[in-house]
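User: I've got this model open and I'm new to reading structures. Can you walk me through some parts of it?
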Amino acid sequence: MAKPPRPPKSKPLLRTEAPIRSKPRKKRDPAQPRLQIDPMPARVEPCLAALLQQPPAGEQWGWEIKWDGYRLHVHIEPNRIRILTRGGYDWTGRFPAIAEAARSLGPATMILDGEAVVLDEQGRSDFGLLQNSLGAVGRRTGNMASPAILYVFDLLYLDGHDLRGVEYRTRRHLLEDTLRGHEGAIRLSEDVDADPAVLLDHACTLGLEGIVGKRLDRPYRSGKTGDWIKLKCVQNEAFVIVGYEPSMSAHGGFASLLLAAYKGDDLVYVGSVGTGFKEREAVKLRELMDLLPWKRKTPPVVYQGKRKAVWLQPTLIAEIQYRAWTTDGKLRHSAYKGLREVQDNADIYRLNDE
């Protein structure tokens, strides 16, 4: 007859009179490495691209298409999304599609650097379409929601790590991994492996604004440092409106806007723009100019022209497209593209940048 199994000699693990406690841990050895956790910056001043006429030589540059829109930083935080302009204003409510796409990238925390654009039927970014989507010309606190999409070209912060001190090629790899599979309102601005001169030629043929080059071995540095450069097919810059030429027959009651740029700390007259205005835009722009706090009897710039002009407080900033400069420092073949908003912190053209 088989013997019954003997009971175990040891007591069951959890049957003990004393409470179960973890083994006391030794104090942490200060020599052991620590995982650095960086707080997310509340705001980052953007890195800006310096304008060049010819692409530099060398293989240390990465190249991509230049987008024509609003520069934005998207902060994806644990409990909220913030979309900030260059000037640090919160425009989250104006870009709901981008905000919703940012939520889908969570729960990771990150700061994305990109350009909000509206594309035309040919897939080209169009600043005028973007302005129209944000509301009427000159609406400073408009509440219209833009269907713009965000083309992202840099990653400044990711899950507790400030990436600004990391070289661009590494930030780029991390960005590509982060956005892989996302093709909605947030998209990757693709880099193009091509000779920059050939790439610029193709961009101009397709009617694009130009190309942007970035040093692959550089960290992210705010301001215009030369780490990022831009080459343009058609020049688009911001100029101050200092007056207008009245007209009884033109839409809005003006024939042209008088423009100025900075030279040092002073505004300098750089010519006028009389094309590119749609009827509705012209009317609303005139209404906005009439609402300025005061008009000037004397020009705010040195002016030697013969035109009859109404001079304005130099407050409004216009986005102007032009082909070249005349020998006496005036814009050639200029066209009005839209108003830049104060919150966008537009970079007004400086004559000593060239």
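User: How many bridges join β1 to strand β10?
Analyst: Two bridges join β1 to β10, residues 228–232, and these strands run parallel. L51 stands opposite K230 in β10. Two strands count as paired if DSSP finds at least two bridges between them. Helices (H or I, at least four residues) and strands (E, at least two) are DSSP runs, numbered from the N terminus.

User: Before we go on, what kind of model is this?
Analyst: This is a predicted model, where local features need pLDDT of at least 70, side-chain atom pairs count only at pLDDT 80 or more, and totals for chains, interfaces and linings use all residues. Residues are numbered from 1 along each chain as its sequence is written, and side-chain values use heavy atoms, with hydrogens and water left out.

User: Back to the sheet. What is the strand order?
Analyst: The order is β1-β10-β9-β2, in an open sheet of four strands with mixed pairing. The edge strands are β1 (50–51) and β2 (61–65), and each pairs on one side only.

User: Which helix lies across β2, β9 and β10?
Analyst: Helix α4, residues 196–205. The helix runs at about 150 degrees to β9 (210–215). Axes are lines fitted to C-alpha atoms, for helices over the stretch in contact (heavy atoms within 4.5 Å). Angles run from 0 to 180 degrees between N-to-C directions.

User: New topic. How do β12 and β13 pair, parallel or antiparallel?
Analyst: Antiparallel, over seven bridges, with β12 covering residues 254–263. A260 stands opposite Y269 in β13. Two residues sit between the strands of this hairpin, and G264 has a positive phi near 70 degrees.

User: How many residues of β13 are buried?
Analyst: Six of the eight residues in β13 (266–273) are buried. Buried means under 20% relative accessible area, exposed means over 50%, and partly exposed is in between (1.4 Å probe, protein chains only).

User: What about F95, buried or exposed?
Analyst: F95 counts as buried because its relative accessibility is 0%. F95 is in the loop between β4 (81–85) and α1 (96–105).

User: Which residues does F95 touch?
Analyst: Leaving out residues up to four places away in sequence, F95 touches L72, I83, A116, L130, L134, S146 and A148. F95 and P147 are 52 residues apart in sequence, yet 6.8 Å apart in space, C-alpha to C-alpha.

User: Which residues other than glycine have a positive phi?
Analyst: D159 is one of them, with phi near 45 degrees. H333 is another, with phi near 55 degrees. D159 is in the loop between β6 and β7 (161–162), while H333 lies between β18 (331–332) and β19 (335–340). D159 is partly exposed because its relative accessible area is 43%. H333 counts as exposed because its relative accessibility is 60%.

User: And the confidence? What is the mean pLDDT?
Analyst: The mean is 87, and 87% of residues reach 70 or more. pLDDT is the predictor's confidence in each residue, from 0 to 100.

User: Which elements have the lowest and highest mean pLDDT?
Analyst: Strand β14 (residues 295–296) has the lowest, at 73. Strand β6 (residues 149–158) has the highest, at 98.

User: Where does pLDDT stay under 50?
Analyst: Over residues 136–142. The model has 18 contacts beyond four places in sequence for that stretch. Where pLDDT is low, the predicted coordinates should not be read in detail.
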